[in-house]
Amino acid sequence: MSNNISGGDLRNLQQNGIEQIKSIFKRVESFSIYATGTGHRGTKADDKNVDRRCAAKAQCSTKGKEGIFKVVDKYGSYILKPPLSDYEEVPENEDVTMRMAAACGIDVPFHGLAYAKDGSKLYFIRRFDRVGRTGKRHVEDFAQVAGMSRSTKYNYSMEKVVTLIEKYCTFPMVEKMKLLRRVLFCWLCGNEDMHLKNFSLVHHQDGKIELSPAYDLLNTSIVLANAVEEMALPLQGKKSNLNEEIFLDYFGKERLGLNQKVLTNIKQDIQSALPEWDQLIEISFLSDTMKEAYKSILNKRQKDIGWM
């Protein structure tokens, strides 16, 4: 990236943030957006395997000297997501949620917002499955690992996700700590769409296999009109009415095998980040209405888990 704007700087952007990014990427070249289903499962029994929303995505590379994103067919080092006509403020939502994740110790790729030529905001994120200009890093999402498909990516459980980590990761206990942190974060932030394709394994050249950086994190509860579930994959047979005992005692201690010190550290890391989350929402590019809706979800979940 030119102009020496680092990932750390971007995480602390305030109202001048998009102007800083805009000064780097002067324009986004015209392109044909293609849609790929992100998959939100219907709430009715006969709608279980039907994608109810689509996210437009484009594979992009950067042209540093010209300061633009250029949409490409291959070797793109970024994913660019424009706004969705049917769902409000998704780029702004994903950007602030990813920043909130970073604030509580979750690994996220370089990302941010940029202006399109029509003045709308687009979300961009660096691909973690690319190395250099043309190299690829082997990455498998958990649906692939589990032998599931896009249409069956909700037909699993968090307990089964643990078995995949135990079977395939080089250092399972390290990855289990990451998993608990992400699962608890997503629940607190109203992300009820963390299906199998939103978790991935990265295969490194030295043979190490670990969880990929987090991606596709956003508050889906304020995007979808009538979300009734709190998690995409059931935990202890439940997708709603969850509490600290289920997350920490059952999932953390019993199923993940984490000791009390680790559980306490994860809990404290997230709790200590709560004031920063509030600040990040406040200085985000969400509308005032969406900011209040986001904070309302956070407050409700904190009450539900006994943290307020």
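In the predicted model, a salt bridge joins the side chains of Lys176 and Glu166, with an N to O distance of 2.8 Å. The two residues belong to distant parts of the chain, Lys176 to helix α6 and Glu166 to helix α5, and are 10 residues apart. Lys176 counts as buried, at 7% relative accessibility, whereas Glu166 is partly exposed, with a relative accessible area of 39%. A further set of residues, Glu175, Lys178, Lys208 and Glu210, is joined into one network by salt bridges that share partners.

Over the whole structure, a search returns 16 salt bridges. One of the pairs is formed by the side chains of Lys81 and Asp216, at 2.8 Å from N to O. The relative accessible area of Lys81 is 10% and that of Asp216 is 18%. Because buried means under 20% relative accessible area, Lys81 is classed as buried, and Asp216 is likewise buried.

A salt bridge is also found between the side chains of Arg127 and Asp129, with 2.9 Å between N and O. Arg127 has a relative accessible area of 16% and is buried. Asp129 is buried as well, with a value of 18%.

At the start of α7, a side-chain oxygen of Asn243 comes to within 3.1 Å of the backbone nitrogen of Glu245. After α7 comes Gly257, which has a positive phi near 75°.

The buried residues of α7 are Ile246, Phe247, Leu248, Tyr250, Phe251 and Gly252. In an α-helix there are 3.6 residues a turn, so residues three or four places apart point the same way. The packing partners of the buried residues of α7 are α5 (158–168), α6 (172–188) and α8 (260–282). Two of these partners, α5 and α6, are also the helices that contain Glu166 and Lys176, respectively.

Terms used
Residues numbered from 1 in each chain as written. Predicted model: local features only at pLDDT ≥ 70, side-chain atom pairs only at ≥ 80, totals over all residues. Heavy atoms only, no water. Buried < 20%, exposed > 50% of the residue type's maximum accessible area, 1.4 Å probe, protein only. Helix = DSSP H or I, 4+ residues; strand = E, 2+ residues; numbered from the N terminus. Contact = heavy atoms within 4.5 Å. Polar contact = N/O pair within 3.5 Å; in protein donor to acceptor, adjacent residues only side chain to side chain. Salt bridge = Lys/Arg side-chain N within 4 Å of Asp/Glu carboxyl O.
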